[in-house]
Amino acid sequence: MLDAYPNWTIPAAVIAIVPTANREKATVKVRIGLNAKDARILPDMAVKVTFLEDDTPTAAGLDRSTRAN
């Protein structure tokens, strides 16, 4: 969700997770890929991302019961 358009939900997927965290802000940077391009989306716009649980196995082949929380 773009801060500039709070009522517009944009379908996207995580394409990369930066392997470092900001401990002061309790944040982790991620790169997302948008499912569709739109002229209203501009570089350096602030966004809020909501992560949905994926029921598919992880890359390591672990199922939900063996994943660490």
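Q: What makes a stretch a strand, and how are strands numbered?
A: Strands are DSSP runs of E with at least two residues, numbered from the N terminus. By that rule β1 covers 12-22 and β2 covers 27-34. This is a predicted model, where local features need pLDDT of at least 70 and side-chain atom pairs pLDDT 80 or more, while totals for chains, interfaces and linings use all residues. Residues are numbered from 1 along each chain as its sequence is written, and side-chain values use heavy atoms, without hydrogens or water.

Q: How do you know that β1 and β2 pair, and in what sense?
A: Pairing takes at least two bridges found by DSSP. β1 and β2 have 7, in the antiparallel sense. So they count as paired. One of the bridges joins A13 to G33 in β2. The hairpin has 4 residues between the strands, and A26 takes a positive phi near 55° there.

Q: Why are Y5 and W8 called an aromatic pair, and of which kind?
A: Rings of Phe, Tyr and Trp (its six-membered ring) pair if their centres lie within 6.5 Å; planes under 30 degrees apart are stacked, over 60 edge-to-face, the rest tilted. Y5 and W8 are 5.6 Å apart, centre to centre, with 85° between the planes. The pair is therefore edge-to-face. A search of the whole structure finds 1 aromatic pair.

Q: What makes R40 a charge over the face of W8?
A: NZ of Lys or CZ of Arg must be within 6 Å of the ring centre and within 35 degrees of the ring normal. R40 lies over the face of W8, at 3.8 Å from the ring centre. R40 also lies over the face of Y5, at 5.8 Å.

Q: What makes a residue part of the lining of the largest pocket, and which lie nearest its centre?
A: A pocket is an open set of points on a 1 Å grid where a 1.4 Å probe fits, with protein on both sides within 12 Å along at least five of seven lines; lining residues have an atom within 4 Å of a point. For the largest pocket 24 residues line it, with I10, A12, I32, V49 and T50 nearest its centre. β1 gives the most, with 4 residues.
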